[in-house]
Amino acid sequence: MKLQRKNRLRAIAAGALAVSGALVLTACGSDDNSGGDGDKKTNGAIKCDGKGKILASGSSAQRDAMDLWVKDFGNECKDISVNYKGTGSGAGIQEFLQGKTQFAGSDSALKPEEVTASKKVCKTGQGINLPMVGGPIAISFNVSGVDKLTLDAETVAKIFDSKITKWNDKAIQKLNPDAKLPDLKIQAFHRSDDSGTTDNFTKYLKAAAPSAWPYEPAKAWAGKGGQSADGSSGVAAQVKQVNGAISYFELSYAASNGTKTVDLDTGADAPIPATVENASKAIAEAKIVGTGKDLALKLAYDTKAPGAYPITLVTYEIACDKGNDAGSLAALKSFLGYTASEAGQGSLKELGFAPLPPEVATKVRDTVTTLS
């Protein structure tokens, strides 16, 4: 599976480079992401300031996006090495708080206690949330003979809490009157590791089906029963292999594994498929709730807006607003400036991610230039 992803990313990267090239005329020179007074090389949308190694870890949801960004950035900035490990949001935040990495990727914004803890690492500042990668969390399934499936929040909650255990349950049949649902046990898979994807998925369940999902949203799984696997790649592999399986993971994993995804009955005029465009409609409704340089967003998980897919996550890059390592600061700002650029965001659709709304991306770029 790793080989398949690498081959896919190589092909996508070539297409994304073409996209980036097309955007150079509009993106070049529009954003000053310089990070210091050292030698600066400008190559289209990518500005190579500084040198050295950037270490980062965290969200596996954004790993495909990071792999592409690191490849494109590395092709231009030979003096900067970026190493991102998709260890999961929880592990990524812990490594950042331990001072092991320059930034962390997380599918959930920092909690107040994590902000407090970050002041020890950031010294003169604190950790801030920079939204960078958006996209739908798909509910993906593998049921022989079933190509299309619609579910609502209450039914999804009961499936993942082991209250609905067969695919021909009446609740599922009611939502899919034309489907030939088998008398087959449901194999519901959840993440075994602390995960921002789990946090966002359970925020949806709690907001849209509070009576059916009694647990508080969290990175750690709280539902009853089911089976677990590590990382988005782990649960995605189980859905691909197991007849009767269902799980939640980023749309990019469903695309790379060729698994089917659920349409959501949100109460809108028609069921909503998990698509990049529909995720963008949901992200556009989000509000910035962070203060100062923090750009944490509040998503509308219970939206009934036409075409808005509600199980949408935004992955943050978490970095120090002040107190960054002086030796790697310029390189850090160069890389994050690129990922937030029009070219960097424009390449995301190829991977099944949703680019940030322009007004949010602009604020991110402006904030990156102030890191110190």
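Let me begin with aspartate 199 and lysine 203, whose side chains meet in a salt bridge, with N to O at 3.7 Å; by salt bridge I mean a side-chain nitrogen of Lys or Arg within 4 Å of a carboxyl oxygen of Asp or Glu. Please keep in mind that this is a predicted model, in which local features need pLDDT of at least 70 and side-chain atom pairs count only at pLDDT 80 or more, while totals for chains, interfaces and linings use all residues. Residues are numbered from 1 along each chain as its sequence is written, and side-chain values use heavy atoms, with hydrogens and water left out.

Aspartate 199 and lysine 203 both belong to helix α7, residues 196-208, and because they are four residues apart there, about one helical turn separates them; helices (H or I, at least four residues) and strands (E, at least two) are DSSP runs, numbered from the N terminus. Aspartate 199 is buried, at 7% relative accessible area, whereas lysine 203 is partly exposed, at 29%; buried means under 20% relative accessible area, exposed over 50%, and partly exposed in between, with a 1.4 Å probe and protein chains only.

The structure holds eight salt bridges, and I will mention two others. Lysine 206 pairs with glutamate 216, their closest N and O atoms being 3.9 Å apart, and this pair links distant parts of the chain, since lysine 206 sits in helix α7 and glutamate 216, ten residues away, in the loop between α7 and β9 (227-229). Lysine 206 is partly exposed at 23%, and glutamate 216 is exposed at 58%. In the other bridge, aspartate 193 meets arginine 191 at 2.8 Å, N to O; here aspartate 193 is buried at 13%, and arginine 191 is buried at 3%.

Which residues lie closest to the centre of the second largest pocket? That pocket holds about 350 Å³ of space, and of its 22 lining residues the closest to the centre are Asp199, Lys203, Leu297, Lys298 and Tyr301. A pocket here, on a 1 Å grid over the protein atoms alone, is an open set of points where a 1.4 Å probe fits, with protein on both sides within 12 Å along at least five of seven lines, and lining residues have an atom within 4 Å of a point; the volume is the space filled by probe spheres set on points joined across faces, edges and corners.

Helix α7 gives the most to this lining, with four residues, and β14 (297-298) and β15 (312-320) each supply at least two.
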